Amino acid sequence: MTSLSKAPQPAAGPVLEVEDLRVRLRTPRGTAHVVNGLGYSVGPGETVAVVGESGSGKSVSVLALLGLLPPRTATVSGRALLHGEDLLTMSPERLRQVRGPGVGMVFQDPMTSLNPVLSVGRQLTEGLRAHGHVSKAAARARAVELLGEVGLPDPGRAVDRFPHELSGGMRQRVVIAIALANSPSLLIADEATTALDVTVQAQILDLVERLQTEHGTGVVWITHDLGVVAGIADRVLVMYGGRCVEDGTVDDVLERPAHPYTRGLLGALPDLAADDGGDLATIAGTPPPPTDLPAGCVFWPRCPVRGDARCETEQPPLAPVKGSHYRDKGTSGVPGEGQYRDEGTSGVPHRAATWCAEGSGS
Ligand SMILES: Nc1ncnc2c1ncn2[C@@H]1O[C@H](COP(=O)(O)OP(=O)(O)O)[C@@H](O)[C@H]1O
Ligand code: SF4
Ligand SMILES: [Mg+2]
């Protein structure tokens, strides 16, 4: 992709580091504990897939990072460092500056991101011109090119149309084009391609990969589509009840899931779930309401394992899965501690929050 932007592109260090993110929302039914101590990091060019059932706090967790929750009802704490600068304590003005060129966002409902009274081209070129110092003609040419790249038919005409003149799928592609326009260093996509047909989806995933290769864009990709996870993710984070219950490399989490919830989602626990093809499986029962979380393990009410006395009373911490091929850097390679793989500068642990996963480290 041609870059017209002056977006900051620092070379080293993580793009995003989220630490102990917590979100509480005031609701008529009391305080909702929607995100409860979430932590992860995204390196340059890396894709972290966030998966979990509806209601597990995925969308709220990314809205919180970008200051997009209603300030009157939401309380956000923790840290979210974008190239070392905390998004959670930034002034609204600085956040607006950073959101443009630094962070691209695509949410599920395209109408929330588009301005209904501006043409598609205007919305694309405004971003390009504001952050890229390019001429009007060059920005328009780039807008047409981008619309073609996200698979919009007849981009030369689409550029002059208004959002209401486009189908839902086309609008979503426009939002994706806007998010990618400035080659952001971080892209946050929340079910971004769910409504698109598979050919267009594949085209967009290719485009994102190209952006990552060329600009080192770090990606947080929220999806329920396991095909997409397997295809684009380096790492997977499984959310339940506003927590990360398991994370690790895509191979570790998809092929050796340790948490009963992950195993259920993947259809790997026959008593818990039926595999329904490419999507996450359906698990009997529903997630607990965030206004009334269980006292112990957040998955306890639905868990078929419950193999430890602490399950009902104590939330298990996220701990390394025993037998995973990860070892913290800095500890000695003592025989019997398990193998470790050399990941270069960053090892990727496989962790799960359960008292009794098979092979769990606790
Ligand atoms: N503005 C809001 N006010 C109150 N509760 C909310 C609000 N937005 C989301 N929630 C609740 O927070 C929980 C997590 O929602 P969400 O992040 O949208 O889940 P997911 O994206 O994983 O489906 C849900 O129980 C939802 O009902
Ligand atoms: S801690 Fe207990 S209840 Fe929770 S997932 Fe593990 S086995 Fe199930
Ligand atoms: Mg959501």
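This is a predicted model: local features need pLDDT of at least 70, side-chain atom pairs count only at pLDDT 80 or more; totals for chains, interfaces and linings use all residues.

Reader: How many bridges join strand 3 to strand 9?
Author: Strands here are DSSP runs (E, at least two residues; helices are H or I, at least four), numbered from the N terminus, and two strands pair if DSSP finds at least two bridges between them. Strand 3 covers residues 47-51 and runs parallel to strand 9. Val51 has Val238 of strand 9 opposite. The bridges that join strand 3 to strand 9 number four.

Reader: Which residue of strand 10 is the bridge partner of Arg235?
Author: Strand 10 (residues 243-249) runs antiparallel to strand 9, with six bridges between them. The two strands form a hairpin with two residues between them, and Gly241 in the turn has a positive phi of about 55 degrees. In strand 10, the partner of Arg235 is Thr249.

Reader: Why is strand 9 described as largely enclosed by the rest of the structure?
Author: A residue is buried if 20 or more other C-beta atoms, placed from the backbone, lie within 10 Å of its own; with 12 or fewer it is exposed, and in between partly exposed. Arg235, Leu237 and Met239 point one way from strand 9, Val236, Val238 and Tyr240 point the other way, and all are buried. Strand 9 (residues 235-240) is therefore largely enclosed, the buried count being six of the six residues.

Reader: Is Asp154 buried or exposed?
Author: Asp154 is found in the loop between helix 4 (136-149) and helix 5 (155-158). Although not a glycine, Asp154 has a positive phi of about 50 degrees. Because 11 C-beta neighbours lie inside 10 Å, Asp154 counts as exposed.

Reader: Which element supplies the largest share of the shell around ligand 1?
Author: A residue is near the ligand if its C-beta atom, placed from the backbone, lies within 6 Å of it. Of the 13 residues around ligand 1, Ser54, Ser56, Lys58, Ser59 and Val60 come nearest. Strand 1 (16-27), strand 2 (30-42) and helix 1 (58-65) each supply at least two residues of the shell. The largest share, three residues, comes from helix 1.

Note on methods: Residues are numbered from 1 along each chain as its sequence is written. Chains are lettered from A and ligands numbered from 1 in the order in which they are written.
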